[in-house]
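Got the model loaded and your selection tool ready? Here is a short tour, stop by stop.

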Amino acid sequence: MEIKKGIPVSHGLAIAPALVLDAQQFTVSARKIKPEEVEHELDLLNKAIQASIKEIEQLRKKIAKKHGEETARIFDFHIAILNDPQVRARMENSIRENHYSAPYAVSVEMRRHVKDFLDIDDSYFRERVKDVYDVDRRLMRHLTGGRKEDLANLDSDVVIVAHDLTPSQTASLDRKHVLAFATDAGGHTSHTAIVARALGIPAVVGLNDITADVSPGDTLIIDGYRGLVIIDPDEATIQETKLKLQEQTEFERALIETRELPAVTRDGVKVTLLGNIEFPHEVEECIRAGAEGVGLYRTEFLYLSREREPSEEEHYQAYVDVLQAAGNKPVVIRTLDLGADKYTQAREPERNPFLGCRSIRFCLRHLDVFKRQLRAILRASVIGKLQIMFPLISQVMELRQAKMILNDVIEDLEEEGIEFKRDIPIGVMIETPAAAIKASFLAKEVDFFSIGTNDLIQYTLAVDRANERVANLYTPADPAVLRLIRDVIRQGNRNEIEVSLCGEMAGQPEFTLLLLGFGLRKFSMAPHSIPEVKKMIRSVTIEQATKVARKVVRLDTDRQISIILKDEARKVLPGLI
Ligand code: PEP
Ligand code: MG
């Protein structure tokens, strides 16, 4: 038995034999053809391209119907590669002039593409490499007449192990038989992780060398809660996991009943639970899960699968869709958080992108991009109850500048006679230690705070949130992080502005008691976490929570804190994993 630790990107637990995907990759030899075979090979290539385009278009349609237009746009890039006249010309020339076989011509061209992308030091292009491999594999399958990758039509339960999964592979996984997946590469914000969460497939990524450690058919346990992969588990571990799976099913069934109930503590204190979304179609899931609104709409995902900047109309339509789906529930629209691990269309490679021109800094330097979004938000404001939130504020001046630009846009709309709401609440994300320490100043200038712990942790502890090599140092339970959170909540409450917390921590029930004890009354999280957190809230009193908070702030290591919080949470909800 061997236990590997990776990054949990999609919750859930699974046990099944491994299907090691990299063992099924196509290998292409440098085969030369005879001059008289050139036409035949060109014909093969053309047919493979046409068949691939058709297949992708069908897949795109299916995904659009099931998961929305935004997710489906991932496939536009694939179609663009196949339709690119230069790409085609180079492959055809390889066949005509070098007398390469069609598969080899494809392989050479795709590898050239990959190399070009890797040479550019930008996460946007690194992410796109997976898409090129995806196109490569699809073409190869048509050219070699190879078996259709069986991932969409399996006949027994498996967990997939791969170096990396492309977004389209993930999207077409057979949900009935693929119980989970684990990959060497990847981070929390990769396309693959996003799609896995949307499909509800448990997943652990960033395992470095899981493909080397696992052989096809090995029994694996994938723990998408803790980011663990257990290879060849012993009998006791298998039994323990099966029991947990049973408990999980019963627990989930019991949670469904909580969805209709209010989030109120046993001593009658009301807590607001909101959902985090990346795409407009996710609002529905939030509401189904019992969210009272959207606490974080990550609008930068509008850029995720487009090859060009979204237009004002595209922004506007997305916001209208979200507001209409939310009905009269509030929606916090976060302005673009582009840069760092979330690429931009205006790609400027940076040496240290997390500390570079990302988020509000990017927007303040690209006013055309920023104003386009603000115009669309203001125009959509008449549809529902929206709030505007600026991300990654670290200086008071940045906030003032952002508000000034918002006022410019308001003036423009007034001049043009375009309707918008005037009393839109404005908030900031507290995601840097600088913002947390200056919370008392910032509170005077905004209507609300939202604590972005995902970034606050990385900047406080100096640990890259997407780097698998330092993932063990990344923890919300560090005393420094907890003190910052406690102080921000205090400052917010003292200044009588709303404070919410929208990082992943909000959806981790072991932190619910502590956050309540710190005085937090508004949580925003991935919709699937809402029932569990609500159940926690309904099972405790504020007195209990305050006691836990007092105990925890006296401790000096994250280990001690984690142990105590898990113990306390299990005392309240024994079904918790
Ligand atoms: C955060 O940093 O906690 C947050 C919610 O924003 P994102 O994860 O999009 O950076
Ligand atoms: Mg953030």
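A polar contact here is a pair of N or O atoms within 3.5 Å; within protein, one must be able to donate a hydrogen and the other to accept it, and residues adjacent in sequence count only if both atoms are side-chain atoms. Before you click: this is a predicted model, where local features need pLDDT of at least 70, side-chain atom pairs count only at pLDDT 80 or more, and totals for chains, interfaces and linings use all residues. Residues are numbered from 1 along each chain as its sequence is written, chains are lettered from A and ligands numbered from 1 in the order in which they are written, and side-chain values use heavy atoms, with hydrogens and water left out.

**Stop 1: ligand 1**

Now zoom in on the ligand's oxygen atoms. Asn454 brings a backbone N or O atom to 2.7 Å from one.

**Stop 2: helix α18**

Helices are DSSP runs of H or I, at least four residues, and strands are runs of E, at least two, numbered from the N terminus. Is α18 enclosed or open? Largely enclosed by the rest of the structure, because seven of its nine residues are buried (under 20% relative accessible area; exposed is over 50%, partly exposed in between; 1.4 Å probe, protein chains only). Among the buried ones are Thr453, Asn454 and Tyr459.

**Stop 3: the magnesium ion**

Which residues hold the magnesium ion, ligand 2, as protein donors? Glu431 (OE) and Asp455 (OD), lying 2.0 Å from it. Glu431 sits in the loop between β13 and α16, and Asp455 in helix α18, 24 residues apart. Both Glu431 and Asp455 are buried. Donors are N, O and S atoms within 2.8 Å of the metal (3.2 Å for Na, K and Ca); water is not among the atoms, so sites may look incomplete.

**Stop 4**

Most residues other than glycine have a negative phi. Ala462, in the loop between α18 and α19, has a positive phi of about 55 degrees. Ala462 is exposed, at 69% relative accessible area. Finish at Leu392, in the loop between β12 and α15: its phi is positive too, near 50 degrees, but Leu392 is buried, at 0%.
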